[in-house]
Amino acid sequence: MSKDTVADMGLNRTGIKTSPIDSKDIVQEAQRAPPSSPGDAQGIHRVRQQYAREADGLGHVPPPSSLKGVAKTAAGLLKGQKSTVFIDKLGERLAFERTGVRLYEGALSKLEVYGSWEGGPSRELLTKILDDELSHFALMTETLQGLGADPTAMTPSADLSAVISQGVPAAIADARTNLRQCMEALLVAELTDNASWELLIDLARGLGHDTLADRFQLALDAEAEHLSLVKGWLAAGVATEARAPLESASVPAP
Ligand SMILES: [Fe+2]
């Protein structure tokens with residue numbers, strides 16, 4: 001692994017103790033000066049409530065894209081089931097798995113620059129996970145089409161999960177992050193992925209889609225393996241970094 005960008009000691013001016021004289025002035029000024037705008041946290045609270053009441057929400061699940069879809073929706077309604085909830089969550093998984101492919105492509109780029117570490121990821125395993133994510137994306141596409149829905153539509157849950165996890169691709173795409181740091185981002189993605197597949201399987205079973213639930217279970221089995229691999233790679237990477245080589249183990253002067 002490259003020696004730079006890990007938690008080595010070096011130039012960092014973010015802490016207040018970097019400049020004791022200036023920091024004293026800043027503390028004094030902060031205590032003396034009033035807040036830069038009027039009001040308090042209650043004001044923010046009221047504005048948030050007002051905005052929330054006026055907002056339209058995150059959009060809707062589109063109507064079925066085929067006659068088959070219309071028939072399935074109608075049959076579901078007769079059974080007291082709202083199929084749009086299932087379509088919404090399927091759309092969410094589809095979008096997440098598609099992004100998952102991009103995340104592992106990014107990790108592979110970092111692998112070529114930084115190399116791996118003892119107990120770290122190999123090109124073969126990163127590629128295997130990438131292929132799994134791609135196959136899960138294809139499974140979701142096929143499932144949505146089978147239900148007469150449009151797999152290219154962004155559903156409200158897909159939109160929400162993309163917003164929630166937007167830091168993950170940003171961290172991997174950041175030119176300054178190394179492969180070990182990318183593992184932290186992949187861990188967030190895989191934890192969410194595992195929990196979300198569990199939820200989707202329960203939802204499918206509850207709606208009587210047992211064949212689909214069985215197929216989703218195979219995806220969850222693969223995701224559980226991804227999570228275990230990423231956790232192991234991350235732990236080994238942090239342990240490797242914590243073992244400082246003797247030649248660089250000098251303690252800087254205070
Ligand atoms: Fe995964």
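Lysine 128 is partly exposed, with a relative accessible area of 35%. On this scale, buried means under 20% relative accessible area, exposed means over 50%, and partly exposed is whatever falls in between, using a 1.4 Å probe and protein chains only. Aspartate 132, at 13% relative accessibility, therefore counts as buried. All of this comes from a predicted model, in which local features need pLDDT of at least 70 and side-chain atom pairs count only at pLDDT 80 or more, while totals for chains, interfaces and linings use all residues. Residues are numbered from 1 along each chain as its sequence is written, and side-chain values use heavy atoms, with hydrogens and water left out.

So what joins the side chains of lysine 128 and aspartate 132? The two meet in a salt bridge, with 2.8 Å from N to O; the term covers a side-chain nitrogen of Lys or Arg within 4 Å of a carboxyl oxygen of Asp or Glu. Across the whole structure, the search turns up 14 salt bridges. Lysine 128 and aspartate 132 are about one helical turn from each other, because they sit 4 residues apart in helix α5 (residues 123-146). Elsewhere, salt bridges with shared partners join Lys89, Glu92, Arg93, Glu97 and Asp193 into one network. Helices here are DSSP runs of H or I with at least four residues (strands are runs of E with at least two), numbered from the N terminus.

Glutamate 97 and arginine 93 are both part of helix α4 (residues 83-114), 4 residues and about one turn apart. Glutamate 92 and arginine 93 are both buried; for arginine 93 the relative accessible area is 1%, and for glutamate 97, also buried, the value is 0%. Aspartate 193, another member of the network, lies in helix α8 and is buried too, at 2%. Its C-alpha atom is 12 Å from that of serine 228, which is 35 residues away along the chain.

Distant parts of the chain are linked here, as glutamate 133 is in helix α5 and histidine 226 in helix α9 (residues 210-242), 93 residues apart. Glutamate 133 and histidine 226 are both buried.

Asparagine 194 also belongs to helix α8 and is buried, with a relative accessible area of 8%. A polar atom of its side chain lies 3.3 Å from the backbone nitrogen of alanine 224.

On the aromatic side, the count comes to 1 pair. Rings of Phe, Tyr and Trp (its six-membered ring) pair if their centres lie within 6.5 Å; planes under 30 degrees apart are stacked, over 60 edge-to-face, and the rest tilted. The pair is tryptophan 197 with phenylalanine 216, edge-to-face at 5.7 Å centre to centre and 65° between the planes. Tryptophan 197 is in helix α8 (residues 179-206) and phenylalanine 216 in helix α9, so the pair ties together parts 19 residues apart in sequence. Tryptophan 197 and phenylalanine 216 are both buried.

The largest nonpolar core has 26 residues, and those with the most contacts inside it are Tyr104, Leu126, Leu179, Met183, Leu186, Val230 and Trp233. Two or more residues each come from α4, α5, α7 (167-173), α8 and α9, with α4 giving the most, at 8 residues. Such a core is a set of buried Ala, Val, Leu, Ile, Met, Phe, Trp, Tyr and Cys residues joined through side-chain atoms within 4.5 Å.

Helix α1 (residues 20-32) is another story: of its 13 residues the number buried is 1, so α1 lies largely in the open. Helix α2 (residues 41-54) is hardly covered either, with 0 buried residues among its 14.

Notes. Polar contact = N/O pair within 3.5 Å; in protein donor to acceptor, adjacent residues only side chain to side chain.
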